Amino acid sequence: IIIGIFTITAFLKLLYQKYRWFDAAETEWLMGGSWYTHILSSGIRYFSIYSDAGNFGSNMGMISIVYGIIAFHTSEKWLRIFFSCIALMGIVGMIMSGTRGAMIVPLGGLALYCLICKNIKIIVISALAVIMLYVARVNVNSDGVVEDTIPPDAFYVDIWIQTGTIGLLIYISMCIAIIIYSCYIIMFRVRNPGLRNILTAFICGVFGIWLNGYVGRGMGMTPSFFMVAASLAFIMNGPYIDRLLRESKSEILNTKH
């Protein structure tokens, strides 16, 4: 809920930039050279309260998949509406950022979600969502967007430059090991359905933002790296939280009897 409130703040700032234009500091930053990657012939890449459009787009992609999954599994009406609205804001923000690589965040998250849930209904819904996003992506292309006008940047390229090929391989291996172990915890060590659904949403968001590192730097910037760390902290402590929930439920049942 707290991150949802932060998302609303970022979305309101996005609307302000679109309908009232950028403030003095943002305009100065753009005129200092950033206009080359943010004010394009195909449209403006908005960045809200974030450092740049790439960071904004990737983080909004993570927000969309995490809150979309949580909303799908939330039974309480008002909370489901709240989570759905946050997911929608994430999708809109991702699109308005104009960040190409951000598309992989929800798509990669949906792919991992299908593997974890093993539910035919959810797989079909996820597949349809992927197709809709892909069609929307193809229709930007139809407007004549020249993707080569945006210079490439990637978090993993930075790692490669700083640590070499061996360092990059070690880093990616660590990420893969963390993802696999997280999936193991969620699928086999967490019994509470509600907790499992929330942790699933977290790992899907983390997986998506890590895939985005192939084309963007969002995963190493604020607030994405904080959300990744917090998500993994909850997942790694999943069995402990699950045990607390079971003990609490057992105490309540014993009190009633």
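Arg246 has a relative accessibility of 38% and therefore counts as partly exposed; buried means under 20% relative accessible area, exposed over 50%, and partly exposed in between (1.4 Å probe, protein chains only). The model is predicted: local features need pLDDT of at least 70 and side-chain atom pairs pLDDT 80 or more, whereas totals for chains, interfaces and linings use all residues. Residues are numbered from 1 along each chain as its sequence is written, and side-chain values use heavy atoms, with hydrogens and water left out.

**Salt bridges**

Side chains of opposite charge can pair when their charged atoms come close. A salt bridge is a side-chain nitrogen of Lys or Arg within 4 Å of a carboxyl oxygen of Asp or Glu. The whole structure holds 4 salt bridges, including those in the table.

| Salt bridge | N to O distance |
|---|---|
| Lys13 and Asp23 | 3.4 Å |
| Arg246 and Asp242 | 3.1 Å |
| Arg243 and Glu247 | 3.9 Å |

Arg246 and Asp242 are 4 residues apart in helix α10 (residues 238-256), and so they are separated by about one helical turn. Helices (H or I, at least four residues) and strands (E, at least two) are DSSP runs, numbered from the N terminus. Asp242 is buried, with a relative accessible area of 0%. Arg243 and Glu247 are likewise 4 residues apart in helix α10. Arg243, at 36% relative accessibility, is partly exposed, and Glu247, at 41%, is partly exposed as well.

Lys13 and Asp23 meet in a salt bridge. Lys13 belongs to helix α1 and Asp23 to the loop between α1 and α2, so the pair ties together parts that are 10 residues apart in sequence. Lys13 is buried at 18% relative accessible area, whereas Asp23 is partly exposed at 29%. A network of salt bridges links Lys13, Asp23 and Glu26.

**Aromatic pairs**

Rings of Phe, Tyr and Trp (its six-membered ring) pair if their centres lie within 6.5 Å; planes under 30 degrees apart count as stacked, over 60 as edge-to-face and the rest as tilted. The structure has 13 aromatic pairs. One of them, Phe22 and Phe47, is stacked, with 5.4 Å between the centres and 5° between the planes. Phe22 lies in the loop between α1 (2-20) and α2 (24-38), and Phe47 in the loop between β2 (43-44) and α3 (53-72), so this pair ties together parts that are 25 residues apart in sequence. Both Phe22 and Phe47 are buried. Ring pairs also join Trp21, Phe22, Trp29, Tyr46 and Phe47 into a cluster.
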